[in-house]
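Biologist: I am new to this structure. Please take one part of the sheet and its surroundings and go through it closely.

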Amino acid sequence: MFLVQFTGLNQLPFDPASSESLGLGSPAGPRVSNSPAEDGSDPGKRQRSSIPPDGGGNLSLDSIPMGLPMSDPSAWATAMNNLGMAPMGMTGQPLLPDFDPALGMMTGIPPINPMMPGLGIVPPPIPPDMPAVKEIIHCKSCTLFPPNPHLPPPATRERPPGCKTVFVGGLPENGTEQIIMEVFEQCGEVIAIRKSKKNFCHIRFAEEFMVDKALYLSGYRIRLGSSTDKKDTGRLHVDFAQARDDLYEWECKQRMLAREERHRRRLAEERFRPPSPPPVVHYSDHECSVVAEKLKDDTKFLEAIQTLLTWIERGEVNRRTANNFYSMIQSANSHIRRLVNEKAAHEKEMEEAKEKFKLALSGILVQFEQIVAVYHSASKQKAWDHFTKAQRKNISVWCKQAEEIRNIHNDELMGIRREEEMEMSDEEIEDPSEMKETEESALVSQVEALKEENDSLRWQLDAYRNEVELLKQEQGKASRDEDTTKEQQMKLLQQALQGMQKHLLKVQEEYKKREAELEKVKEDKLKIETLLENLKEQQSMADEEDKEGDAADCQGNESSMARVCACSQEKDCPVEKTLSNSPVKSEREVLLVGIISTFLHVHPFGASIEYICSYLQRLDSKICTAEVEVLMTRLQNTFRQELSGVGASLEKRWKFCGFDGLKMT
């Protein structure tokens, strides 16, 4: 039984890189027998190969090496048929589908299944990360031998955009364009070859993917015919080349793609673009009457006013249609009162909604106050002792939550009232600078009106001049009988022109006067601004002096208090006697008076007793309204109660008057 060893490529009969490639100088002779086609010997005689030193156990003395090319399927099928196997390719596919295994030449040996384990005829599947094995390429005039698979891949430059040209180096010195064409036309259609006198050239292909096929040949050793001369051998180096034609074609292609993309984008934008508004009809007497009727209708007023505006901008107004346009403008003006009434109605609805919201919010606050009062009464000892520990905890948590929500709503209501007070104060106080600004804006509007009137008079003057020129041209053509009438018309037109010129001069003089007044107003405004800045500086100086005086008073009060304390220690007089004569009876009331005074000092327009108590209850929830009101009524020189508002909005407000009371006492 023979043990046969298969490889992916035929074993080369010589080494192209060695000097003794054919083994003629070796005393042992060639290692592998030459085929009949190479040595020209008798095809019937076969020469035995020498046994390698390490292969005596695998091959017998009479074994014949298989020099069949892998690209010849018939020879491969014949070899497998001699062994009694079904002809199979290297991938396991049958070469002859109708093969009969009983027809094998080797009798007595059962047919061998190529898929049997241990034979290794069908190779295992190639993993994707394994590099592709390059084979020998036979051409008519040359042969290409693959590089060593263990060497790293040849280096290449960065691929230029649209590259269709490759650089080929390492060519044999005796290589011609025909040989280069024969080698590289297998990669694709070759457009041009530019060969240099040295051993390199440039090849331009028809498509870009053909360049990748040409790069596959990089590293191959080329041999022209069967010669081993250095001029007939070389090592190919294929790399990308940068050519102007490739770059130009690539740019043209990119521009074409950009144009197509812009076209697609334009189509998409047109698809999603909203439709244009309907065109406005041209002016006619019938359309004028229709638009006039629409202007009187409130529902169709917007469409009709747009049509009227378009007609006026188009220049449809002339002497014949002026009356119709005036009537339409007059009917449009009649809608101003309707729009003003609608605005007033909407403002009234907004005010009513504000009042409803305020009333609802105040009602909610009353209910919150009642709920908080229930929680406080339940937390008293008379009822608190009868609840369990869990019930007491829940009641205390509910009380805190209710107080927080009540305070939030109370702040919101106070903010609304504060905004109303600010609006009222802004309406009552009029700033002289605002008056000046209104006067200045009125003067500016008058100046603009005079400019428009001046422009209209110029246009009329130009129109009259054109008419005069037309009359002059017609005067030469008319008969002598009409000369008198034309002279009269000329005189009338000249008089009209003189009147228009006088009126124009008057308007210009008035315009100059208005400009002078405007400059005066601007100067007055600057003076007022400087005065306001001076007043602000004086006020800031006065405030600083007041602060210094307050600091001195505080130091004096501290010294006086120290003296009083010393006297009291010497005389051993109790403090309760001094407090019994004053309206403030305890230290807690003193603290309340200080906090209320600070709060009202920040609110110069005063505050209601509810607003004051809501502020104090944030600090101490046990403070009640009656206690605070009684304390403030006792201190008449410190706090003063006033009535503010008119009618239903009448409200009692407390103000801080401690500075005035200090002077009186």
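Modeller: Gly169 stands opposite His237 in strand 8. Strands here are DSSP runs of E of at least two residues, helices are runs of H or I of at least four residues, and both are numbered from the N terminus. The model is predicted, so local features need pLDDT of at least 70 and side-chain atom pairs count only at pLDDT 80 or more, while totals for chains, interfaces and linings use all residues. Residues are numbered from 1 along each chain as its sequence is written, and side-chain values use heavy atoms, with hydrogens and water left out.

Strand 3 and strand 8 run antiparallel and are joined by 4 bridges; two strands pair if DSSP finds at least two bridges between them. They belong to an open sheet of 4 strands in the order 4-5-3-8, with antiparallel pairing. Strand 4 and strand 8 are the edges, each pairing on one side only. From one strand to the next the twist averages 20°.

Helix 3 lies across strand 3, strand 4, strand 5 and strand 8, at about 140° to strand 4. Axes are lines fitted to C-alpha atoms, for helices over the stretch in contact, and angles run from 0 to 180 degrees between N-to-C directions.

Leaving aside neighbours within four places in sequence, Ile203 is in contact with residues including Val168, Ile180, Phe184 and Ala192. Contact means heavy atoms within 4.5 Å.
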